[in-house]
Amino acid sequence: MATTRGGSGPDPGSRGLLLLLSFSVILAGLCRGNSVERKIYIPLNRTAPCVRLLNATHQIGCQSSISGDTGVLHVVEREEDLQWVLTDGPNPPYMVLLEGKLFNRAVMEKLKGRTSRIAGLAVTLAKPNSTSSFSPSVQCPNDGFGIYSNSYGSEFAHCKQTLWNELGNGLAYEDFSFPIFLLEDENETKVIKQCYQDHNLAQNGSAPRFPLCAMQLFSHMHAVISTATCMRRSFIQSTFSINPEIVCDPLSDYNVWSMLKPINTSGALEPDDRVVVAATRLDSRSFFWNVAPGAESAVASYVTQLAAAEALHKASDVATLPRNVMFVFFQGETFDYIGSSRMVYDMENGKFPVRLENIDSFVELGQVALRTSLDLWMHTDPMSQKNESVKNQVEDLLVTLEKSGAGVPEVVLRRQNQSQALPPSSLQRFLRARNISGVVLADHSGSFHNRYYQSIYDTAENINVTYPERQSPEEDLNFVTDTAKALANVATVLARALYELAGGTNFSDSIQADPQTVTRLLYGFLVRANNSWFQSILRQDLRSYLDDGPLQHYIAVTSPTNTTYVVQYALANLTGKVTNLTREQCQDPSKVPNESKALYDYSWVQGPLNSNKTERLPRCVRSTVRLARALSPAFELSQWGSTEYSTWAESRWKDIQARIFLVASKELEFITLTVGFGILIFSLIVTYCINAKADVLFVAPREPGAVSY
Amino acid sequence: MTAAVFFGCAFIAFGPALALYVFTIATDPLRVTFLIAGRASEGLKSINPEETAPSMRLLAYVSGLGFGITSGVFSFVNPLFDSLGPGTVGIHGDSPQFFLNSAFMTLVIILLHVFWGIVFFDGCEKKKWYILLMVLLTHLLVSTQYYSASLHLTSSGLAASVFTD
């Protein structure tokens, strides 16, 4: 390349080349996946973060800094260890590794607000025993969104009469300014504790020496203050920005519903068509994101209802019953009744084929798995029964239930002694709109029997679903536990009651729920979703939704969730019919005579394995199971500050991860920097001096044509 | 280990090379060319015959420095950017002084390359073949020692630099 003579610096061409070289080298340096990074960090892969949720007025959950929070690790196994973190330790801020049994209100109150000393919290899983309890939910769930308020039923409002979730500590509804993670893997916890013991333990009261073991947690949440604020910001972004930055999403999913006798979903029912509604909830939550086993709070109830639906569909005179039965599984009831409020809204506005006028009676399944001494309590609403006709209807409803229960000696239906409020239930949202006769069946008379309501410990063990050792997964799938038998009895009572309420007279005693179905459902939802039965009832593209562990019941923001799909297809399998349509006919049944997409839903499912266990035998299942949108009406109406409807939203985030590493002292870093500066200055000075005196220092032999330097 | 360590190690490793560049090479565009492109004196002579060609010793020095900087950058830039994060080496039992050691090593390697360049060119010119052999042997010795010491540690760049010389 051409060069110009002399000049005080390199010419543009060579400068450009030099820049290109440096740029490509820096690029090479920034490429990740290198072994030095593996020498420094140990990533923690099996963790669950605490994320930020917002409602009309508040934000709850946790937040970290945008580039993660780093702190020196300290293991807290007893309450006394907190002293080091809060006052004594010389190297704040600390990252606390808290034993699961210490994760309670008292300890969290001490840690909250001390952001100068606490960088974050990592909680290990405790082993719950028979006397412990932990419920991060509030003591009065969904307060203010049911029927009882200061202006209507004030003696029942705010759980004045009965504190439903007595053991609740409300931690999940607090706002923390540091990240909190759950360590799900015991092996990772051991590694962390080993790092702590190797580097962070102080010798004989003196301060521990650097390098110290530290942890970094990333869980920066984009949304702030409340749903109203974050939705407004997202709305402005999406309207005016080319690259919109949405900061939060409303919690939403789908309700699953089906009818006993098919109805035309494109139209509406006549006012004379009466419907008995059987309802339950599908979802739960916990302190941590997407961990919600919900065994007693949700799974046992909807499994019972699935079994009851199967039993009822087997009755021989279903087609001639005077009234129809609607089975509905509401999603989002944990967050101020998202699903049921949306269904009521749709019914009132004609967007749902069944209207409020069509509802004859309402039977809801609350928490039913922890019955003491066979009692199943019937809860009714005292306020609506002040109306004489409603009181009589409710009385008839209770009498029918007791009659159906008489044939099942393992279930004893009990009425309340005095007028008591309804527990938190979807029925409350229906009663807000219209006085219907309804009952909630539950295993508790006063406060919940569930000691782990909406927590990470509400697992199979909480409802005594345990399997013998050394059995294969297939054997576990078909093993009928005692809990399954008990729930099957409740399902039998429910199915018979629904049959009678729908006007059936003859075959009530032959309706029987199958404990085998109940136990397979419990196994799939609570222990291992990836089993042969679940695989056979799902569509092919949903296969990967089944993990090797239990299914989680958090509503989330993407829909439908895994659990919603599995419940939908389980209900279709249990209540639908296998037709011999081909795959093309199944996807478009309009051409086939006697099949109608308005009446039925057709799904092409995987089917069981053939006898050689090599291939699946897919089939077309026809059922009346459908999904109905469960997004709070507040978002439909853009009333983001609404106190009438649920306004829960989840913040968005970019990166969630956790890792441990060693940190060096600030002194060492400073020394490194000064040494570097020193070497640079020294070499500049030396080079300048030598270069200036070069012709004196280097006497080179004269070469012809050489230019000395 | 944060920005302090990043800049500290960067200055340790590349400070002298930068000083040499600033005072002896940057002043003359031709030397910059030789730094990057190596031996191109014949081509340059044909483009610009009035320009007096620099001496062989200068060429040797410049090309040695060029190779040294390249090798240093490729072997050290990866650990250097890892030192920007909050963590330091040591959780699996390695020495916590890893970054400082690597920086000094890189500094030494760069200077070694300069010396090797000058000595090698001198040997070639004076046709003293034992000098060439010495340079090659010491080069291999240092590379082998460095490579085996950091066998479980760093960069592919290190292997690359062994073969580019």
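These legends go with close-up views of a predicted model.

**View 1. Chain B is built from helices.** Chain B has seven helices and zero strands. Read from the N terminus, the order of elements is α-α-α-α-α-α-α. The chain has 165 residues, and 53% of them are buried. Its accessible surface is about 7,500 Å². Carbon and sulfur atoms hold 71% of that surface. Now take the contacts in chain B between residues at least 6 apart in sequence. Of these, 71% link residues at least 24 apart.

**View 2. Helices α1 and α2 of chain B meet at an angle.** Two packed helices are described by the angle between their axes and by the distance between those axes. Here, α1 covers residues 2–25 of chain B and α2 covers residues 29–37. Their axes come within 9 Å and cross at roughly 140°. On the α1(B) side, the contact uses Y21(B), T24(B) and I25(B). On the α2(B) side, it uses R31(B), V32(B) and L35(B). Four of the contact residues are nonpolar, one is polar and one is charged.

View 3. An unreviewed UniProt entry lists "transmembrane region" for chain B at residues 59–78, 98–122 and 129–148. In the model, residues 59–78 of chain B are 100% helix and 0% strand. The end C-alpha atoms of that stretch are 29 Å apart. Residues 98–122 of chain B are also 100% helix, and here the end C-alpha atoms are 36 Å apart. For chain A, UniProt gives the feature (unreviewed entry) at residues 670–690. This stretch of chain A is 100% helix and 0% strand, with its end C-alpha atoms 30 Å apart.

View 4. The loop runs between α17 (633–636) and β22 (649–651) of chain A. Leaving out residues up to four places away in sequence, E644(A) touches F145(A), R429(A) and R432(A). E644(A) and R281(A) are 363 residues apart in sequence, but 20 Å apart from C-alpha to C-alpha.

View 5. One cis bond joins P92(A) and P93(A), with omega about -5°. P93(A) lies in the loop between α3 (82–88) and β6 (94–98) of chain A. Another cis bond joins F210(A) and P211(A), and its omega is about -5°. Where is P211(A)? P211(A) is in the loop between α5 (186–199) and β9 (212–221) of chain A.

View 6. D336(A) is not a glycine, yet its phi is near 60°. D336(A) is in the loop between β13 (324–330) and α8 (338–348) of chain A. Buried means under 20% relative accessible area. D336(A) has 8% relative accessibility, so D336(A) counts as buried. L374(A) is not a glycine either, and its positive phi is about 65°. The loop that holds L374(A) lies between β14 (359–365) and β15 (375–379) of chain A. With a relative accessible area of 41%, L374(A) is partly exposed.

How values were computed. Residues are numbered from 1 along each chain as its sequence is written. Chains are lettered from A and ligands numbered from 1 in the order in which they are written. This is a predicted model: local features need pLDDT of at least 70, side-chain atom pairs count only at pLDDT 80 or more; totals for chains, interfaces and linings use all residues. Side-chain values use heavy atoms; hydrogens and water are left out. UniProt positions are given in the numbering used here, feature names are shortened, and annotations may be inferred rather than shown by experiment. Helices (H or I, at least four residues) and strands (E, at least two) are DSSP runs, numbered from the N terminus. Axes are lines fitted to C-alpha atoms, for helices over the stretch in contact, and angles run from 0 to 180 degrees between N-to-C directions. Contact means heavy atoms within 4.5 Å. Ala, Val, Leu, Ile, Met, Phe, Trp, Tyr, Cys and Pro count as nonpolar, Asp, Glu, Lys and Arg as charged, and the others, Gly among them, as polar. Buried means under 20% relative accessible area, exposed over 50%, partly exposed in between (1.4 Å probe, protein chains only). Accessible areas come from the Shrake-Rupley method with a 1.4 Å probe; for residues, only the protein chains shown count as cover.
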